[in-house]
Amino acid sequence: MDCIFSEPLNFENTAPTDGQPFAYSKVTCETAEQAVPDKPFFINKSITYGDLCMYSLAIIFLVAITIKLAWNLSHQNPAEKL
């Protein structure tokens with residue numbers, strides 16, 4: 001990927017002076033897919049082992065939170081209920 005950053009601006013949205021912190025307001029990028037227009041573009045539809053582990057941990061975490069919340073709501077002291 002080939003990117004060109006342009007139009008630096010400081011925190012006041014003006015052109016920065018020497019030594020003043022700034023951030024670029026525009027970026028223009030060209031990828032390999034854009035450089036060769038006749039080349040077909042494919043999205044990888046496979047899942048890696050790392051992705052599988054992360055999704056599994058996220059699902060286990062969400063299920064555990066849901067079970068804990070349901071348990072706390074069902075076994076809450078009646079005086080503490082809203």
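The model is predicted: local features need pLDDT of at least 70, side-chain atom pairs count only at pLDDT 80 or more, and totals for chains, interfaces and linings use all residues. Residues are numbered from 1 along each chain as its sequence is written, and side-chain values use heavy atoms, without hydrogens and water.

**Exercise 1.** Find which cysteines form a disulfide, and describe the link.

Solution. 
1. Take the criterion: a pair of cysteine sulfur atoms within 2.5 Å.
2. Search the whole structure; one disulfide turns up.
3. Name the pair: Cys3 and Cys29, with sulfur atoms 2.0 Å apart.
4. Strands (E, at least two residues) are DSSP runs, numbered from the N terminus.
5. Read the torsion: 110° about the S-S bond, a right-handed link.

**Exercise 2.** Classify Cys3, Cys29 and Cys53 as buried, partly exposed or exposed.

Solution. 
1. Set the classes by relative accessible area: buried under 20%, exposed over 50%, partly exposed in between (1.4 Å probe, protein chains only).
2. Cys3 has 29%: partly exposed.
3. Cys29 has 32%: partly exposed.
4. Cys53 has 30%: partly exposed.

**Exercise 3.** Locate Glu7 and Asn13, and give the phi of each.

Solution. 
1. Recall the background: most residues other than glycine have a negative phi.
2. Glu7 lies in strand E1. Its phi is positive, near 55°. Glu7 is partly exposed at 42%.
3. Asn13 sits in the loop between E1 and E2. Its phi is positive, about 60°. Asn13 is exposed at 60%.

Note on methods: Helix = DSSP H or I, 4+ residues; strand = E, 2+ residues; numbered from the N terminus.
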